[in-house]
Protein chains: 2
Amino acid sequence: MTKDMNTTPSRGPTDHNVRDQVVEAATEHFSHFGYEKTTVSDLAKAIGFSKAYIYKFFDSKQAIGEVICANRLAMIMDIVNAAIADAPTASEKIRRLLKTLTEAGSDLFFCDRKLYDIAAVAARDNWPSVVAYKQHLRQLIETILVEGRQAGEFERKTPLDEAAHAIYLVMLPYISPVELQYNLETAPTAAVLLASLILRSLSP
Amino acid sequence: MTKDMNTTPSRGPTDHNVRDQVVEAATEHFSHFGYEKTTVSDLAKAIGFSKAYIYKFFDSKQAIGEVICANRLAMIMDIVNAAIADAPTASEKIRRLLKTLTEAGSDLFFCDRKLYDIAAVAARDNWPSVVAYKQHLRQLIETILVEGRQAGEFERKTPLDEAAHAIYLVMLPYISPVELQYNLETAPTAAVLLASLILRSLSP
């Protein structure tokens, strides 16, 4: 998204650059003033573009919000993938998965910039980025289970998709930023306790 | 709360009766118009009492809300207790606990009367009734675990309070009405899958 694609000379900024600029400014603006309360007019004023110009690139405020939400979820996914990549066992992957989901979710939606507002709307309206993110994590859990079963770390009696889905449900309140808000304080402890419970449920 | 205590003759309604009347009318009113948006003036008008008269019995709108919330949580607790009372095993108690928590929570805060609004404020402000309800359920889980350990149904290696707390954390999104709202559709399936996962984690 942030690649430099200025290979052909252009007098004005490229479309990509303008889109990025709007998204960046909107992220900043929403994190201070909230997503719900901000209009495209407010945003235009804050960025210094005309409202009409913004509408050239985004159909609606939601279209901007969706890019911001998708960006944040992609950042969480990158952090999760990096954390589990070098884990020595499937069990350790389960532990790191819960830990990083919780930490990255807290940081990216609540601490660094308060974008909780976007998460709330995204969850309520089931934005495609949220649906894709959840599906991806559901799949990742299944992949870890298969790995652990093949290595003899995990039991094999429970049907794979049942076990994977149940673990996904345990993790869901920490996967979904909108649910995470209710558990921010207890999340670090919860991540450890829940990972241990999940691993007990998987013991052969 | 609803006992008839009219042993001494009285011209007007007894204080208890008036309190009950206000709570009942407020429950009805909040469930239609929402808790947050309703003022004590609105409520007084709807009930047909003066605002000053309501303030004779309740310090604030929140005081009324707290009674309503406490009543609903007590109703859920009664349903839970009745459901697990005759369960033949500790495992069956775990299953019924999750099932009834989910069903009664959905019914009493979302279906019968939409009192979600109160649950949201109660959770945000940590009302005493919510704290007490959670502590009670946390204790109930521990009691079931002890029973299952003594009967040889459950493993005994994990420290009791760790196991109980982890199970409580798995159940929390279904215990807290404000989190339950995000899982209403999937809750019946989740209750079954999560109970099975918990029981796998407890197997000796």
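# Reading helices, contacts and burial

Me: How do α1(A) and α4(A) lie, roughly parallel or roughly perpendicular to each other?
Reply: The two helices α1(A) and α4(A) are roughly perpendicular to each other, and, before going further, please keep in mind that this is a predicted model. The general idea is to look at the crossing angle, for which 65 to 115 degrees counts as roughly perpendicular. Here the axes of helix α1 (residues 15–33) and helix α4 (residues 61–85) of chain A cross at roughly 85° and come within 10 Å.

Me: Which residues of α1(A) and α4(A) make the contact?
Reply: On the side of α1(A), the contact is made by Arg19(A), Val22(A), Val23(A), Ala26(A), Thr27(A) and Phe30(A), while α4(A) brings Lys61(A), Ile64(A), Val67(A), Ile68(A), Asn71(A) and Arg72(A). Sorted by class, the residues in this contact of α1(A) with α4(A) are 7 nonpolar, 2 polar and 3 charged.

Me: What is the crossing angle of helix α5 and helix α8 of chain A?
Reply: The axis of helix α5 (residues 90–111) of chain A crosses that of helix α8 (residues 160–175) of chain A at roughly 25°, and the two come within 9 Å. Angles under 35 degrees count as roughly parallel, and α5(A) and α8(A) are therefore described as roughly parallel to each other. From α5(A), the contact draws on Ile94(A), Leu97(A), Leu98(A), Leu101(A) and Thr102(A), and from α8(A) it draws on Met171(A), Tyr174(A) and Ile175(A). By class, the residues where α5(A) meets α8(A) are 7 nonpolar and 1 polar, with no charged residue.

Me: Where does the kink lie in helix α8 of chain B?
Reply: In helix α8 (residues 160–175) of chain B, a kink of about 35° lies at Leu169(B), shortly before the proline Pro173(B). For burial, 12 of the 16 residues of α8(B) are buried, so this helix is largely enclosed by the rest of the structure; among the buried residues are Leu169(B) and Pro173(B) themselves.

Me: Is Leu115(B) buried or exposed, and what is its relative accessible area?
Reply: A residue is called buried at under 20% relative accessible area, and Leu115(B) is buried because its value is 1%. Leu115(B) sits in the loop between α5 (90–111) and α6 (116–124) of chain B. Leaving aside residues up to four places away in sequence, Leu115(B) touches Thr27(B), Phe30(B), Ser31(B), Ile68(B), Arg72(B), Leu108(B) and Phe109(B).

Me: What does Thr102(B) touch, beyond residues up to four places away in sequence?
Reply: Thr102(B), found in helix α5 of chain B, touches Tyr174(B), Leu180(B), Ala187(B), Pro188(B) and Ala191(B) on that count. Thr102(B) counts as buried, at 3% relative accessibility.

Me: What is the phi of Asn126(A)?
Reply: Asn126(A) has a positive phi of about 50°, although it is not a glycine. Asn126(A) is placed in the loop between α6 (116–124) and α7 (128–150) of chain A, and with a relative accessible area of 49% Asn126(A) is partly exposed. In chain B, Asn126(B) has a positive phi near 50°, and Asn126(B) is found in the loop between α6 and α7 of that chain.

How values were computed:
Residues are numbered from 1 along each chain as its sequence is written. Chains are lettered from A and ligands numbered from 1 in the order in which they are written. This is a predicted model: local features need pLDDT of at least 70, side-chain atom pairs count only at pLDDT 80 or more; totals for chains, interfaces and linings use all residues. Side-chain values use heavy atoms; hydrogens and water are left out. The bend at a residue is the angle between axes fitted to the seven residues ending there and the seven starting there. Helices (H or I, at least four residues) and strands (E, at least two) are DSSP runs, numbered from the N terminus. Buried means under 20% relative accessible area, exposed over 50%, partly exposed in between (1.4 Å probe, protein chains only). Axes are lines fitted to C-alpha atoms, for helices over the stretch in contact, and angles run from 0 to 180 degrees between N-to-C directions. Angles under 35 degrees count as roughly parallel, over 145 as roughly antiparallel, 65 to 115 as roughly perpendicular and the rest as oblique. Contact means heavy atoms within 4.5 Å. Ala, Val, Leu, Ile, Met, Phe, Trp, Tyr, Cys and Pro count as nonpolar, Asp, Glu, Lys and Arg as charged, and the others, Gly among them, as polar.
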